[in-house]
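Student: Can we look at this one together? I keep reading labels for how pieces pack, and I'd like to know where the labels come from.

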Amino acid sequence: MNKMKTSKLARKESLTGFLFCLPSIIGMLVFFVVPFCLCLYMSFTESTGNGRFMGLKNYAEVLKSAAFRLAAGNTLKFIVIAVPAIILVSLFIALLLYKKLRGYHFFRTLFVFPLVLPTASVVLFFQIIFAETGLLNHVLEFLGITPTEWINSPNAFYVLVILYIWKNSGYNIILSLSALNAIPKSYYEAADIDGASKSVQFFKITFPLIMPYTFFITVISIINSFKSFREAFLLFGSHPNKSIYMLQHFMNNNFQNLNYIRLAVGAIMIFIAIFLLILIMFRLRVKSGDTEL
Amino acid sequence: MKKKSKCIDIIIYAVLILFGAAALFPVIFIAASSLMDESEVIRSYVVGDMDFHIIPRSFSLNGYLEVFLYTPAYLMKFWKSMLLSTVILAGQLVISCLGGYGFAKFSFRGKNVIFFFVIILMMMPLQVTLVPNYIVFERLGLIGSYASVILPGVFSTFGVFLLTQFFSSIPNSIIEAAKLDGANQIQILCRIIVPYAKSGVASLCILNFIDTWNMVEQPLIFLKDSTKYPLSVFLANVSRENLSISFVCGILAILPVFLLFLYLKDSLISGIENTNLK
Amino acid sequence: MRDKMTVAKRILNIFTVAVVIALLSCTFISKYVFDMRTPVVSVVKPASMEINGEMYYNKVIPKSAVFVGSESKKYVYVVRERNGLFGNEFYLVTAEITVNAENEEYAVMGGRNVSGNDNIVIQPDSALESTDVVRIAAE
């Protein structure tokens, strides 16, 4: 009798829980899952809209298109260059902050600040710095280096990387700090007693122990790197220099000419790429022995 | 030994100050430039050789007068954007509190699978979710109305995930005690969970507000009428027309976020830390 | 240390309240100021009517719209529409015309600067200038 009662109670609890989650689940379905399946279906149909099943022809067509290849290549290049850069910079600053000197809270807050700024306001500043006769070129001239064009040239890529690092390093610094703070101090004390030097401590204690966090930080940084489209769009417009024409530009421009099929295909492909990335991250996390979600 | 560590400390401080200045520099520049006279702005930044300087040579509040007192349209846009962001935030709070409580403290069939979807959706870049949203809204005829921006924002799964992480750290004993006192679930949610995880709710507030206040892609794609654009997009248009006013508008756009940041900076930081999937 | 924190928080609170009050009041004040600063003009389109026995099409305007400017040339103000930052706005353009015929109330304008479809300002205020932003009076 008691068993039946508790299972009834348990079922009621689980129903209540489900009801609590219901608005969110419905929202997810209606606004994301169902449209996404629609998108998936559309990506297989013919471009003139009569719904004929085309198989993988659309995908092949997009993969063959030069614009997509350029976009994918640039996006990949951006990720490969910008993400390690920001992780290194953030880790460096996090290590500096780790000592918890007097201004710890102040500096931590200060570095997060660029994250909250509206991009459009900040873009003004960067337009002026990187213009042909802007501050950066003046400084370079002063140092004796020949100034180059930054905005309309392949150097725009580095402008975007710098913008990305400036905006997002606060985020990564917080994550790195929480990773660093998770290492028990006793390890360092033991190493001190054993007479290990600081750099040895870093490589043998710090580095391996923040590895699991670094995977997560990397994936988050990669996903944040897609947001850099906002800066690219506001700084360079819809059709920027070839070196920074990224997947997001590809998608955005297909929005302009309402080429739904291409958009659908592009979205699905980006989805698959990120999905694989997340799966890899999950696998690596489980492998490194952390507890399940 | 002490001297050496003090030396290192000074170097650390110097590097930190350098980076901190770099983080703050653009805002200072915009603030300073907003106080410049219009002719100075044109001379220095629009025509010919750029003359970069921080301290305004001709101090004038002209820009502020123009934006705040002479043309009500700027402030109207400001309040409209504020309304938009607040509506989205309110919706997100309700849905995320409910969902976060459900995911954190209950278990039902398929919960882990659904939560996995929550995470996947949260991590997808905007471009992936914009396309399906656009297609659906076009079929529903909602393109061009604010609903097409509000609805995806309200149902975005980031809030659910964040609050689930926060709520799951609430000790069950408190909930059990409340149940023994006869509280029903909704009362538990309102009177116990939310106050206990106040910093979590606050971090959702600030993160979501920042997201919606600064959003650029969604309004550009979903709203066709350029008069409906929120302040974040409007700024980009202004800078093309009139640079000196765009500095003042920039300050106007930064203001709410800046104030919110000063109030909730600790919640913001703890929110970032809690998105750690660890 | 604790006192410092609460003082800072108090300053922040006061500042926020001040900012909010300032923004709200500026919104209302600026509406009033805008109404005061933006002149209201009445406009007509050039009409077709008979002047002194001859029929003129789309070129007849009230004489009050014409004013004399530099070098004794005759001008009218034309209201044009443009897509400003906040949607459509109206602005003034000074257009030089020739008066080809006239009677007591009306004048026939000539010249290429004004078309038959333009909105001409009648009884322009002497304070008006070209490129001013204006509001059009309701009929």
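Student: What makes the crossing of α13(B) past α14(B) left-handed or right-handed?

Tutor: Keep in mind that this is a predicted model. In it, α13(B) passes α14(B) in a left-handed crossing. The label goes by how the near helix is turned from the far one: anticlockwise by less than a right angle counts as left-handed.

Student: How do you know which residues of α13(B) meet α14(B)?

Tutor: Two residues are in contact if their C-beta atoms, placed from the backbone, lie within 7 Å. On the α13(B) side you get B:Leu231, B:Ser232, B:Leu235, B:Val238 and B:Ser239. They meet residues of α14(B), including B:Cys249, B:Gly250 and B:Ala253.

Student: What classes of residue make up the contact of α13(B) with α14(B)?

Tutor: There are 7 nonpolar and 4 polar residues, and no charged ones.

Student: Let's zoom out. Where is chain B divided into domains?

Tutor: The domain assignment gives domain 1 (1–70) and domain 2 (71–274) of chain B. Their C-alpha centres lie 31 Å apart.

Student: How many residues of domain 1 of chain B are in contact with domain 2 of chain B?

Tutor: 16 residues of domain 1 of chain B are in contact with 13 residues of domain 2. On the domain 1 side, the largest share comes from α3(B), with 6 residues. By class, that side of domain 1 divides into 11 nonpolar, 3 polar and 2 charged residues.

Student: What does the domain assignment give for chain C?

Tutor: Chain C has domain 1 (1–37) and domain 2 (40–136). Taken over C-alpha atoms, 46 Å separate the centres of these two domains of chain C.

Student: Now between chains: how many residues does the contact take from chain A and from chain B?

Tutor: 68 residues from chain A and 72 from chain B. Helix α1 (residues 2–42) of chain A gives the largest share of chain A's side, 19 residues. That side has 50 nonpolar, 13 polar and 5 charged residues.

Student: And which helix gives the largest share of the side of chain C that touches chain B?

Tutor: The contact takes 15 residues from chain C and 17 from chain B. Helix α1 (residues 2–37) of chain C supplies 12 residues of chain C's side, the largest share.

Definitions and conventions: Residues numbered from 1 in each chain as written. Chains lettered and ligands numbered in written order. Predicted model: local features only at pLDDT ≥ 70, side-chain atom pairs only at ≥ 80, totals over all residues. Helix = DSSP H or I, 4+ residues; strand = E, 2+ residues; numbered from the N terminus. Nonpolar A, V, L, I, M, F, W, Y, C, P; charged D, E, K, R; others polar. Domains from an automatic or database assignment.
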